[in-house]
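User: I would like a close look at a single part of this model. Please keep the answer connected and plain.
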Amino acid sequence: MSTATPRPSVLFVCVHNAGRSQMAAAFLTHLAGDRVEVRSAGSTPADTVNPAVVDAMKEVGIDISAETPKVLTVEAVQASDVVITMGCGDTCPVFPGKRYLDWQLDDPAGQGVDAVRPIRDEIEQRIRGLLADLEG
C-alpha cells in the first residue's frame, strides 16, 4: 500500500515576475527537482525577466534565460499549497486553507548584477529553509 503524499505546490508572487519570484522558483526547482510543484507569477508582469537576474543566476549554474513573466491568476493561487509573496502588497488573492508567507526582499528591478547577488543569496537560503520545512 502506497503512503506517498501528493507533492506540495508552491507559488511565488512578486509585482513584475521578472526578478525575485523567478529566482525563488528557479532555486526551488533546482533544489527539489520533481518533489515540489513550482509556479511563479506577477501582479503586473514585465515583458521580460531582468537581465541582471538572469546573469546572477547563471553565476550559480541556473539558467533562467528562457523564462517569461506570467500574470497572477486566481487558478494559480487555488492550485498551490504555499503562496509566497515578495513585495506585491495586497494584490494576491487569499483563499482559506492556503499557507501564505511574505518575504521582505529588496527589489532587483533596475539594479545591476552586483546589487542582485545579495538578493539571490538570501532567496537561496530562504528556499533551502522552505524545502526543509516542506519535506519535514
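User: How many of the 13 residues of α1 are buried, and what do the buried residues of α1 pack against?

Analyst: This is a predicted model. In α1, 10 of the 13 residues are buried, so the helix is mostly covered. The buried set consists of Arg20, Ser21, Gln22, Met23, Ala24, Ala25, Ala26, Phe27, Leu28 and Ala32. These residues pack against β1, β2 (37–42), α2 and α4. From first C-alpha to last, α1 reaches 18 Å, close to the 18 Å expected at 1.5 Å a residue. Just after the helix, Gly33 has a positive phi of about 60°.

The crossing is right-handed. On the α1 side, the contact is made by Arg20, Met23, Ala24, Phe27, Leu28, Leu31 and Ala32. On the α4 side, Val116, Ile119, Arg120, Ile123, Glu124, Ile127, Arg128, Leu130 and Leu131 take part. The residues of this contact divide into 12 nonpolar and 4 charged, with no polar ones.

The partner helix, α4 (residues 113–135), has 23 residues and spans 32 Å between its first and last C-alpha, close to the expected 33 Å. Its buried residues are Val116, Ile119, Arg120, Ile123, Glu124, Ile127, Leu130 and Leu131. Besides α1 (20–32), they pack against β1 (9–14), α2 (51–59), β3 (82–85) and β4 (99–102).

Note on methods:
Residues numbered from 1 in each chain as written. Predicted model: local features only at pLDDT ≥ 70, side-chain atom pairs only at ≥ 80, totals over all residues. Heavy atoms only, no water. Helix = DSSP H or I, 4+ residues; strand = E, 2+ residues; numbered from the N terminus. Expected span 1.5 Å × (residues − 1). Buried < 20%, exposed > 50% of the residue type's maximum accessible area, 1.4 Å probe, protein only. Contact = heavy atoms within 4.5 Å. Left-handed = near helix turned anticlockwise from the far one by under 90°. Nonpolar A, V, L, I, M, F, W, Y, C, P; charged D, E, K, R; others polar.
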